[in-house]
Protein chains: 2
Amino acid sequence: MIIKSLWKALDVLEYFTSENPEAGISEISEALGLNPSNVCDIVKTFERRGYLQQNEQNKKYHLGFQILQRYYAFDYSDAAGEIIRPHLKTIAKQTGEMVYYGAAYQDRVIYLDQAVLNVDTFLMKKSAIGSTAPLHCTGLGKALLAYQEENFIDEIIARGLDKFTDDTICRGDILRQELALIRQRGYSVDNMEHEFGVRCVGMAILDRKDMPLGAISVTGPSLRFDEQKIEQFANILRGHVEEIRSQMFL
Amino acid sequence: MIIKSLWKALDVLEYFTSENPEAGISEISEALGLNPSNVCDIVKTFERRGYLQQNEQNKKYHLGFQILQRYYAFDYSDAAGEIIRPHLKTIAKQTGEMVYYGAAYQDRVIYLDQAVLNVDTFLMKKSAIGSTAPLHCTGLGKALLAYQEENFIDEIIARGLDKFTDDTICRGDILRQELALIRQRGYSVDNMEHEFGVRCVGMAILDRKDMPLGAISVTGPSLRFDEQKIEQFANILRGHVEEIRSQMFL
DNA sequence: TCCGTTTTTCTGTATTACAGAATTATATTC
DNA sequence: GAATATAATTCTGTAATACAGAAAAACGGA
């Protein structure tokens, strides 16, 4: 049974985002359609536990240190990450491009780890750890989507494929062809489908039942990413994915 | 007014730590003295919101992706971090040692950021971002403690100064002398007081009211940290702290 | 297959979360 | 600097629901 008061409290906590990091009681209560006194109680409870902190100047609240501590606990519970992380670094060295690791999370891909040699602040912010992106138009997303259950893919298509650039695949039948191609050759290519000028090669890490537990991608400016490089990067990815699978006893 | 159901739910969430990342319903209910059905409801609510995830194999739960997303939101709400981060990197280059940024959080110091050139896995794990340490025996902690209110210092001493190494300062009067020295020369020195073989230089970033909003430290093996280096590092720190204060309009 | 353990579902009631009003604090305007 | 407006917080009764207990379902060994 869902605990409504907790559900509501999490609505309040999640009202604080990187876009809107600070908020007051009245703003939250208005946005969520809750009673201000109720919001005040929730916020005060979170504050006493360190999840929120009050700015003494303007009385507004922002996320607190306890979030960091929860993140720290989360990070080390992710045993898979411990195995994968070193590979990401090696791939970054071998390709000279940005490398991401992500997993399917509901109907999106969530970025779980990254390795970079030369920091590209623009792309870093876009795909920061913890952020999410659609499944149908990213290298990671398509690599993950290709191995999902048929009815999951049906649902993703049914919900509608948002257009981000001129090259975004928005038609269900074309996406299905693309996913078949990914399964056939073993890697996905994002050809500026999410961000103009950004190309990307992705490969899923499959478990014993051929379900993807995550995916790795190499991302960079389209000018550097010609057909030859894409194939070269796919081969590099293949080697590491094989190695990861054997390290995980898959 | 504290919302008891939320308070209890946070107890459950915080039961998951890096030391004990996975737990089942019965384990949690026993440890926290709660009814299993109650714990089940709380856990299911967290699961539906992505804060916890169930391991299909053993039915146990672990922290979920939502923690990452909350962390992502927290990170970018920390405007101070945006200013400080580049300085940490520069200090790491100038000193060749590990550099930490932390703040006082209740009666401990919390590590908020770090910069390293040569990764020392042992020390990295110890002082990972989000972890905490006592105030009285670390470079960061002492630098922060030196500028706290008198009655706060009284309370820290009254609670007892835990001993970690032979060099840990455990007596209140000696700690007070040490804090006076820190205020006088402007930096703290951790001489293997928390971890054997680890020395550290710390400096607080003071606001206009001379309250510390955070501190920066340079940490490394005691063999490399002689008196001359400590003074040299303190000077490097001083320059950056000055710069940070001016960037923050303090 | 049976038994012990653990997780999950279900339901009545005692608890408490919440709405509304009152109060305090803060910001803004005259 | 007083007055007004806005926002945050406190207080209290009651309607809503969180929780205990029991029972069922799922799981994992003997």
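Predicted model: local features only at pLDDT ≥ 70, side-chain atom pairs only at ≥ 80, totals over all residues.
**View 1. Relation of chain A to chain B.**

**View 2. The contact of chain A with chain B.** Chain A contributes 38 residues to the contact, and chain B contributes 38 residues. On the side of chain A that touches chain B, at least two residues come from each of H1, H3, strand S2 (61-63), helix H4 (65-77) and strand S4 (108-115). H4(A) gives the most to this side, with 11 residues. By class, the side of chain A that touches chain B has 24 nonpolar residues, 9 polar residues and 5 charged residues.

**View 3. Domains of chain A.** Chain A is divided into domain 1, residues 4-69, and domain 2, residues 78-247. The centres of domain 1 of chain A and domain 2 of chain A, taken over C-alpha atoms, are separated by 34 Å.

**View 4. Packing of H2 on H3 in chain A.** Helix H2 (residues 25-32) of chain A packs with helix H3 (residues 36-48) of chain A at an angle of about 115 degrees, and their axes are 9 Å apart. The crossing of H2(A) with H3(A) is right-handed. From H2(A), the residues A:Ile25, A:Ser26, A:Ile28 and A:Ser29 meet A:Pro36, A:Val39, A:Cys40 and A:Val43 of H3(A). The residues of this contact comprise 6 nonpolar, 2 polar and no charged.

**View 5. Packing of H2 on H3 in chain B.** The angle between H2(B) and H3(B) is about 115 degrees, with 9 Å between their axes. H2(B) passes H3(B) in a right-handed crossing. Here B:Ile25, B:Ser26, B:Ile28 and B:Ser29 of H2(B) meet B:Pro36, B:Val39, B:Cys40 and B:Val43 of H3(B). By class, the residues of the contact of H2(B) with H3(B) are 6 nonpolar, 2 polar and no charged.

**View 6. Surroundings of DNA strand C.** The surface near DNA strand C draws at least two residues from each of helix H1 (4-13) and H3 of chain A, and from each of helix H1 (4-14), helix H2 (25-32) and helix H3 (36-48) of chain B. The residues of this surface divide into 6 nonpolar, 10 polar and 6 charged.

**View 7. Surroundings of DNA strand D.** H1, H2 and H3 of chain A and H1 and H3 of chain B each supply at least two residues of the surface near DNA strand D. H3(A) gives the most to this surface, with 3 residues. By class, the surface near DNA strand D has 5 nonpolar, 9 polar and 4 charged residues.

How values were computed:
Residues numbered from 1 in each chain as written. Chains lettered and ligands numbered in written order. Axes fitted to C-alpha atoms, helices over the stretch in contact; angles between N-to-C directions. Helix = DSSP H or I, 4+ residues; strand = E, 2+ residues; numbered from the N terminus. Left-handed = near helix turned anticlockwise from the far one by under 90°. Contact = placed C-beta atoms within 7 Å. Nonpolar A, V, L, I, M, F, W, Y, C, P; charged D, E, K, R; others polar. Domains from an automatic or database assignment.
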